[in-house]
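User: I am learning to read protein models and would like to go through one feature at a time. Could you help me with the one shown here?

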Amino acid sequence: MKRTRETPPDDEFAAVCGQVWDVLIPARAGYLAGVSPHYDEVFHDVVQRTERAGSLGKTDIAALVVWKRLSAQTPWVSALMSLPDAHVREVTKRAVTAVRDTAVPRSEAARTGRSIMWELPGFRTGDALASAALTAAAPTRMAVYDRRVQHALDTLGLTLTRTPGRYSRYMQLLDNLLQHSRAPADGWTPRDIDTALYWTGKNPQPTDH
């Protein structure tokens, strides 16, 4: 297990993981049962377009804003829309290449991709939209982060601070969880975990933490 400053000792983390999976496995089932199967159609459309183009354009980013239910009434939207789409695609193409690079650890790919997305308006603070874009670029490798995910992590006793490099540490945390997964979660991807965390954060359950 790769360690960061936020990673507890191995034995402590293994103990926490058991309790975490007790929550995540039913939460994932709850997500699949409780969310319309059509809700993620927009996201899947962006995934398919990104797969074909190797980049995301302004239309794709706008679709992700709606999918994530973010506010479009902010100055960064105007700044982004004022850029040539070719420039947006040049930046996102480099980010797409970075997160798809399986020659480096997932967390390192996430760090590089996130730092590249920082070049665009709307991606310089927070990780919700950037993580959605990077996950659309590598849907089996990356995962979405948002405030509900953070709330779930806090509730489950998993530390993820706001200090720089949060998205990379988030992906490392999910990797560590997958290394301690249980049989019902065999074959899960980081995206499966993020939906379980989202559901947990949206529908908090009592825990021992």
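User: Where does Val-23 lie, and is Val-23 buried or exposed?

Analyst: Val-23 lies in helix 1. Please keep in mind that this is a predicted model. A residue counts as buried when its relative accessible area is under 20%, and Val-23 has a relative accessible area of 18%, so Val-23 is buried. Along the chain, Val-23 and Leu-197 are 174 residues apart, yet their C-alpha atoms are separated by 8.9 Å.

User: Which residues have the most contacts inside the largest nonpolar core?

Analyst: The largest nonpolar core has 64 residues, and those with the most contacts inside it are Leu-24, Tyr-170, Leu-177 and Leu-197. The largest share of this core is the nine residues that come from helix 1, which covers residues 10-34.

User: What does Tyr-170 touch, leaving aside residues up to four places away in sequence?

Analyst: With those neighbours not counted, Tyr-170 touches Ala-143, Val-144, Tyr-145, Val-149, Leu-153, Leu-160, Asp-194 and Leu-197.

User: How do I read the packing of helix 9 and helix 10, and at what angle do they pack?

Analyst: Helix 9, residues 166-179, and helix 10, residues 190-202, pack at an angle of about 100 degrees, and their axes are 10 Å apart. Angles of 65 to 115 degrees count as roughly perpendicular, and therefore helix 9 is roughly perpendicular to helix 10. On the side of helix 9 the contact is made by Tyr-170, Met-171, Leu-174, Leu-177 and Leu-178, while helix 10 contributes Pro-190, Ile-193, Asp-194 and Leu-197.

User: How many residues of helix 10 are buried?

Analyst: Twelve of the 13 residues of helix 10 are buried, so helix 10 is largely enclosed by the rest of the structure. Among the buried residues are charged ones, including Arg-191, Asp-192 and Asp-194, as well as Tyr-198 and Trp-199. From its first C-alpha to its last, helix 10 reaches 18 Å, which is close to the 18 Å expected at 1.5 Å a residue.

User: What is phi of Arg-69, and where does Arg-69 lie?

Analyst: The general idea is that most residues other than glycine have a negative phi. Phi of Arg-69, however, is near 55 degrees, a positive value in a residue other than glycine. Arg-69 lies in the loop between helix 3 (58-67) and helix 4 (75-81). A residue counts as exposed over 50% relative accessible area, and Arg-69, at 53%, is therefore exposed.

How values were computed
Residues are numbered from 1 along each chain as its sequence is written. This is a predicted model: local features need pLDDT of at least 70, side-chain atom pairs count only at pLDDT 80 or more; totals for chains, interfaces and linings use all residues. Side-chain values use heavy atoms; hydrogens and water are left out. Axes are lines fitted to C-alpha atoms, for helices over the stretch in contact, and angles run from 0 to 180 degrees between N-to-C directions. Helices (H or I, at least four residues) and strands (E, at least two) are DSSP runs, numbered from the N terminus. Angles under 35 degrees count as roughly parallel, over 145 as roughly antiparallel, 65 to 115 as roughly perpendicular and the rest as oblique. Contact means heavy atoms within 4.5 Å. A nonpolar core is a set of buried Ala, Val, Leu, Ile, Met, Phe, Trp, Tyr and Cys residues joined through side-chain atoms within 4.5 Å. Buried means under 20% relative accessible area, exposed over 50%, partly exposed in between (1.4 Å probe, protein chains only). The expected span of a helix is 1.5 Å times one less than its number of residues.
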